[in-house]
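This report goes through one model part by part, beginning with a single residue and ending with the relation between chains. Please keep the sequence and the structure in view while reading.

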Amino acid sequence: MLNAYAILKKVREEKPLIHHITNWVTIYDCASIVRAFGALPVMAHAAEEVEEMASIASALVLNIGTLTPTLVESMLRAGKAANKKKIPVILDAVGVGATKLRTESALRIIREVKLAVIKGNSAEIGVLAGVKASVRGVEAAGLQGNPIEVALRLAHKTHTTVALTGKQDVITDGKKTMLCNNGHAMMGCLVGTGCMAASVIAAFCAVEGDPVKASTAALSCFGIAGELAARKARGPGTFKERLYDSVYNLDEKTVRRMQNVDEV
Amino acid sequence: MLNAYAILKKVREEKPLIHHITNWVTIYDCASIVRAFGALPVMAHAAEEVEEMASIASALVLNIGTLTPTLVESMLRAGKAANKKKIPVILDAVGVGATKLRTESALRIIREVKLAVIKGNSAEIGVLAGVKASVRGVEAAGLQGNPIEVALRLAHKTHTTVALTGKQDVITDGKKTMLCNNGHAMMGCLVGTGCMAASVIAAFCAVEGDPVKASTAALSCFGIAGELAARKARGPGTFKERLYDSVYNLDEKTVRRMQNVDEV
Amino acid sequence: MLNAYAILKKVREEKPLIHHITNWVTIYDCASIVRAFGALPVMAHAAEEVEEMASIASALVLNIGTLTPTLVESMLRAGKAANKKKIPVILDAVGVGATKLRTESALRIIREVKLAVIKGNSAEIGVLAGVKASVRGVEAAGLQGNPIEVALRLAHKTHTTVALTGKQDVITDGKKTMLCNNGHAMMGCLVGTGCMAASVIAAFCAVEGDPVKASTAALSCFGIAGELAARKARGPGTFKERLYDSVYNLDEKTVRRMQNVDEV
């Protein structure tokens with residue numbers, strides 16, 4: 001049985017450094033959520049320093065939300081440096097399927113970097129798995145097949161843990177599959193929760209060697225905070241404020257009571 | 001008579017995709033406000049993908065708040081791709097008049113892209129209209145002439161709808177002119193409300209073919225949310241939170257009662 | 001005796017324009033805090049416009065939080081333009097010591113630009129002073145020697161005012177040294193407060209010619225707002241909202257009562 005709180009506790013105790021090469025839209029919130037969870041974020045994207053920064057980090061997030069070819073080069077460099085040191089690398093495949101640049105860059109990163117987790121919404125994971133899927137900007141707009149099969153297909157194809165986020169999150173390494181039902185519809189109304197989820201996954205992967213357990217615990221804890229935040233939120237403004245407070249205050253009792261995870 | 005709520009309703013129903021090439025300061029808030037209004041934001045600036053992204057969008061925002069020559073090239077590419085598909089393009093002329101790069105880039109975009117709306121504060125619009133105006137950083141600091149005449153002058157010169165924002169917003173295509181008196185002084189104390197206004201205009205232009213009506217409805221709805229947010233705000237922190245909540249909760253009754261728009 | 005409120009009052013009355021070349025993580029919050037303090041922020045980083053923008057500003061912030069070699073070139077250009085006009089330049093040495101690029105870039109800026117203030121945490125200042133110090137990402141993780149001596153050493157070495165931030169802030173030009181005990185532990189839990197502090201220092205330097213007084217007053221006022229914000233905060237979400245409201249509402253009575261500054 002997954003003990004999400006135990007992994008959260010390790011994040012808070014070890015305060016791992018999470019290096020991000022990410023997009024310019026949600027960069028602040030990625031850093032903030034990592035900090036609210038008790039880890040230390042650092043953002044650095046210059047080709048001249050990413051290898052050095054990745055090498056001292058405990059996990060690396062590659063988020064292609066506002067990618068450029070230059071940024072992708074930095075991601076490859078950082079990813080390879082992280083691989084050398086066995087530091088887990090998390091790819092957030094933002095907008096894959098919307099443009100050729102995104103799809104090809106994600107596929108190139110998957111080929112050239114050994115990833116711990118590929119994270120995306122159902123359509124992004126679908127596109128990477130070679131399934132018919134439609135992406136509208138950075139939103140999932142359609143998927144042929146069911147999310148569990150699609151996630152399994154990409155996991156088998158890439159020998160990597162896949163975290164497919166949605167109303168129900170599917171996390172699988174091709175052998176073990178976990179489903180997380182935590183979260184709240186308000187999270188979909190707030191820009192950046194998808195990117196934040198990838199950053200939280202990275203923080204959990206920094207302290208837990210099994211990427212399936214780490215990703216599931218991360219999505220469960222983040223989702224629980226979302227459920228708590230939604231309770232008295234009057235809109236995305238109050239929801240966001242409460243989301244940060246809820247993450248910061250997550251305690252063992254609450255996480256144990258609210259954790260909603262199944263292994264299939 | 002303008003029915004601002006009817007256009008807002010269409011935004012919520014159609015959830016248009018709004019592609020932004022924008023600045024790094026307010027990029028998150030531009031995305032967030034679009035989402036709070038019920039539309040879908042996407043930010044993408046790499047020359048390699050902007051034509052593809054603009055082509056699948058329902059409106060395009062070009063905001064020169066932290067421009068570089070490379071970014072301006074992406075804006076021109078995206079703008080021309082949007083023109084081919086008849087997708088409305090909104091220019092936010094941030095800081096025009098403060099530096100040569102800003103003024104010349106805005107003028108070049110106006111020459112090379114068919115715009116639906118040029119949006120700016122009184123001084124920015126003044127500079128583009130060829131009137132004496134002074135800009136301090138990104139703030140209007142002086143204008144020779146009255147805002148209505150200045151907006152008309154630019155509209156005539158460019159054959160484009162102009163949205164001049166200020167205490168009273170002036171929206172004109174040179175024939176029809178609307179004045180919007182919604183809004184609150186606190187909006188001027190919050191960084192990003194100007195940029196957000198341009199993004200909201202884009203979301204409304206995506207569902208309403210008349211740019212004057214769309215822009216006026218957008219500024220009225222955003223302004224009403226600002227008035228509501230200011231009621232119990234204790235400063236820019238609470239104001240911002242309430243602004244998002246108010247946008248999210250705008251209902252027909254409130255918009256009808258508070259809409260403060262004149263046609264001249 | 002330092003009168004922090006008197007300098008704050010001047011910021012509010014003169015509304016100085018504060019030009020930033022800064023990082024993509026906290027760029028919005030740097031602008032927002034400057035605005036909440038009553039000054040006007042402007043962010044501009046293109047080599048083609050930074051000299052022009054710096055020349056019309058009242059202070060310039062160079063923050064290397066997500067630096068690239070191109071951005072450093074812009075910083076040098078802007079810094080030299082500011083020097084010509086005697087506009088104070090503040091360097092925020094974010095992450096110095098974490099990578100070679102950061103350390104070398106900061107040292108180059110210190111060599112080529114006449115700075116009013118070098119701001120950093122204890123480890124960043126330690127690295128620049130040539131003392132053994134360890135930086136973890138952008139966090140201070142260790143320092144050999146006491147902060148006052150380290151700050152003095154860098155001030156003597158560079159003939160510049162040094163603002164070393166921490167639980168106790170040390171501000172010194174090598175002759176006069178001030179200690180500021182305002183602030184609250186919650187500020188360390190919020191991403192961006194370090195960067196914001198540098199921006200506030202710049203706003204205060206824009207209206208007060210003595211960088212030691214200006215920096216101390218800035219850190220005291222910002223710290224007082226932090227203490228007020230922490231009172232009823234339930235986590236980083238509510239803390240951030242209250243921090244902005246507290247800054248906006250700081251009054252003479254409160255600042256006088258809470259100012260906690262010593263001259264040594």
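Leaving aside its neighbours within four places in sequence, which residues is Ser215(B) in contact with?

## Basis of the model

The model is predicted, with local features needing pLDDT of at least 70 and side-chain atom pairs counting only at pLDDT 80 or more, while totals for chains, interfaces and linings use all residues. Residues are numbered from 1 along each chain as its sequence is written, and chains are lettered from A and ligands numbered from 1 in the order in which they are written.

## Surroundings of Ser215(B)

Once neighbours within four places in sequence are set aside, the contacts of Ser215(B) are Val117(B), Thr161(B), Ala163(B), Ile171(B), Ile201(B) and Phe204(B), a contact being two residues whose C-beta atoms, placed from the backbone, lie within 7 Å. Ser215(B) belongs to helix H10 (residues 211–230) of chain B; helices (H or I, at least four residues) and strands (E, at least two) are DSSP runs numbered from the N terminus.

Ser215(B) counts as buried because it has 32 C-beta neighbours inside 10 Å; the term buried asks for 20 or more other C-beta atoms within 10 Å of a residue's own, with C-beta atoms placed from the backbone. Between Ser215(B) and Val170(B) there are 9.7 Å from C-alpha to C-alpha, and the two are 45 residues apart in sequence.

## The sheet of chain B

In chain B, 9 strands make up an open sheet with mixed pairing, in the order S2-S1-S3-S4-S5-S8-S9-S10-S11, where two strands pair if DSSP finds at least two bridges between them. Strand S2 (40–43) and strand S11 (261–263) of chain B are the edge strands, each pairing on one side only, and neighbouring strands of this sheet are turned by 20° against each other on average, direction ignored.

Within the sheet, strand S1 (residues 17–21) and strand S3 (residues 59–63) of chain B pair in the parallel sense over 4 bridges, and Ile21(B) stands opposite Leu62(B) in S3(B). Helix H9 (residues 193–205) of chain B packs on the sheet, where it touches S1, S3, strand S4 (89–92), strand S5 (117–121) and strand S8 (161–165) of chain B, and its direction makes about 160° with that of S3(B); such angles run from 0 to 180 degrees between N-to-C directions, with axes fitted as lines to C-alpha atoms, for helices over the stretch in contact.

## Helix H4 of chain A

Helix H4 (residues 69–84) of chain A has 16 residues, which should span 22 Å at 1.5 Å a residue, and its end C-alpha atoms are 23 Å apart, which agrees; the expected span is 1.5 Å times one less than the number of residues. Among the buried residues of H4(A) are Leu71(A), Val72(A), Met75(A) and Gly79(A), and the buried residues pack against strand S1 (17–21), helix H3 (47–56), strand S3 (59–63), strand S4 (89–92) and helix H5 (100–112) of chain A. After H4(A) comes Lys86(A), whose phi is positive, near 60°.

## Chains in relation

The contact between chain B and chain C takes 25 residues from chain B and 27 residues from chain C. On the side of chain B that touches chain C, H11(B) gives the largest share, 4 residues.

Terms used:
Buried ≥ 20, exposed ≤ 12 C-beta atoms within 10 Å, placed from the backbone.
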